[in-house]
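Here is my note on the model you sent over. Have the structure open while you read, and take the points in order.

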Amino acid sequence: MPIQIIDTLTLPAPLGGTLVSRVRAVLPSELSGLSTLELSERACADLEMIASGAYSPLSGFLGQADYLSVLERMRLTDGTPWSIPITLMVSREEARSARGTVVLTRHGQPAGLIEVSEQYTPDKGHEAREVYRTADVAHPGVAALYAAGEVYLAGEVTLFEVPRGHFPAHHRTPAEVRGVIEARGWRSTVAFQTRNPIHRAHEYLQKVALELVDGLLLHPLVGATKGDDVPADVRVKAYEVLLDKYYPASRTLLSVYPAAMRYAGPREAVLHALSRRNYGATHFIVGRDHAGVGSYYGTYEAQEIFSHFTAAELGIQILKFEHTFYCKSCAQLVSPRTCPHDSSHHLVLSGTRVRELLRAGEDLPAEFTRPEVAEVLREGYSR
């Protein structure tokens, strides 16, 4: 009998080699007598991302040595690539009582624990310039940095329960996403990060990528965003409508990404890629001005920053796409690589213009977004 060779499915190893898991239920008696610390929305998101393994190899909030190494080298002290310091910021008053084991609360309810191992005072101006490339408080990430506490707490964390939130059907941990990928037999998976509704240019990028790999992980960020971004519930409904009608169900997976948005442009693009490796993705799409805001970053800086790391270090392949748009003369979606016409032939709508049209109850061009998606957005804005 001939020998049968079985092609086994191997997902990319998590960053650091092991998927961190710091989720554990506790008895109320275990919390008796412990001091408490109320978390901000962003800190609560960071707690989940650490404890679920999305931020592997982190098992807690960074100590000062790792914090400084990330700022100056985009690496942890052991050399592991890491682009944004994940820190727990508290006031000086809160820091005075934050000793040993501290209960982390959200809206007054216990959410987790931190074993405080270190306290330190950062140079926020230096952090702003390194992470956000600016100290301008008009930048939402810089504004959030300066508004937070003056002292950073370091230490390993425990999360009591994964908060499935408003999207329980789509809220999966990295281990759960990996399980779906394995069950479907995908040998290659491309992840797509978005904090905005998907328009036709996004769809074009995703489907071009889907020609190259087995599966698409549509992974919208649903943590804290700035006030004028489209609300998460509206965006998720738009994704559901779009995927139901225009994507192959067996090759796409909608799963929310519970991180908070930092708007750190190039550095955040690296964080988004590394964390998607932890979710089991083999490829990650980086387009124009990924995670950017305003005019703080160059158009393709978020692609160029990956040159600081080797392919082996990243452990995930970066798919770099240029700006895509609808060309009226080509009568299709194109990019500067494929379209010979100047901008007068192109249909490009800014986010501001899209919001203006939606608030006015007007139609969005079908060449810009699917009509079903436009209807979801219009309903959302009418509320």
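**Notes on the model**

1. Let me start with the tyrosines: ring pairs link Tyr67, Tyr120 and Tyr152 into a cluster. Rings of Phe, Tyr and Trp (its six-membered ring) pair if their centres lie within 6.5 Å; planes under 30 degrees apart are called stacked, those over 60 edge-to-face, and the rest tilted. Over the whole structure, the search gives five aromatic pairs.

2. A word on what you are looking at. This is a predicted model, in which local features need pLDDT of at least 70 and side-chain atom pairs count only at pLDDT 80 or more, while totals for chains, interfaces and linings use all residues. Residues are numbered from 1 along each chain as its sequence is written, and side-chain values use heavy atoms, with hydrogens and water left out.

3. How confident is the predictor? On pLDDT, its confidence in each residue from 0 to 100, the protein chain has a mean of 93, and 98% of its residues reach 70 or more. Please treat residues 1-7 separately: pLDDT stays under 50 there, and the model has one contact for them beyond four places in sequence. Contact here means heavy atoms within 4.5 Å.

4. Back to the rings, with Tyr55 and Trp82. Their ring centres are 5.7 Å apart and their planes stand at 85°, so this pair is edge-to-face. Tyr55 is in the loop between helix 1 (41-51) and strand 2 (60-61), and Trp82 is in the loop between helix 2 (64-73) and strand 3 (88-90), so the pair links distant parts of the chain, 27 residues apart. Helices (H or I, at least four residues) and strands (E, at least two) are DSSP runs, numbered from the N terminus. Both Tyr55 and Trp82 are buried; buried means under 20% relative accessible area, exposed means over 50%, and partly exposed is in between (1.4 Å probe, protein chains only).

5. Two charged side chains also meet rings. Lys207 lies over the face of Tyr247, at 4.7 Å from the ring centre, and the charged end of Arg276 sits over the ring of Tyr257, 3.5 Å from its centre. The test asks for NZ of Lys or CZ of Arg within 6 Å of the ring centre and within 35 degrees of the ring normal.

6. In what order do the five strands of the open sheet run? The order is 9-8-7-10-11, with parallel pairing. Strand 9 (252-254) and strand 11 (317-320) are the edge strands, each pairing on one side only. Neighbouring strands are turned by 25° against each other on average, direction ignored. Two strands pair if DSSP finds at least two bridges between them; strand 7 (residues 189-194) and strand 8 (residues 215-220) have six, in the parallel sense.

7. Helix 6 (residues 174-184) lies across strand 7, strand 8 and strand 9, running at about 160° to strand 9. Helix 8 (residues 232-246) also lies across strand 7, strand 8 and strand 9, at about 160° to strand 9. Axes are lines fitted to C-alpha atoms, for helices over the stretch in contact, and angles run from 0 to 180 degrees between N-to-C directions.

8. Strand 4 (residues 101-106) is worth a look too. With strand 1 (residues 35-38), strand 4 pairs in the parallel sense over four bridges, and Val103 is the bridge partner of Thr36. With strand 5 (residues 109-120), strand 4 pairs in the antiparallel sense over six bridges, and there Leu104 has Gly112 as its bridge partner. Two residues lie between the strands in this hairpin, where His107 takes a positive phi near 55°.

9. Finally, two single residues. Is Ser335 buried or exposed? Ser335 is buried, with a relative accessible area of 7%, and belongs to the loop between strand 13 (332-334) and strand 14 (346-347). Not counting residues up to four places away in sequence, Ser335 touches His323, Thr324 and Phe325. Thr299, in the loop between strand 10 (283-286) and helix 10 (301-304), is partly exposed at 42%. Leaving aside neighbours within four places in sequence, Thr299 is in contact with Arg288 and Asp289.

Conventions. pLDDT = per-residue confidence, 0-100.
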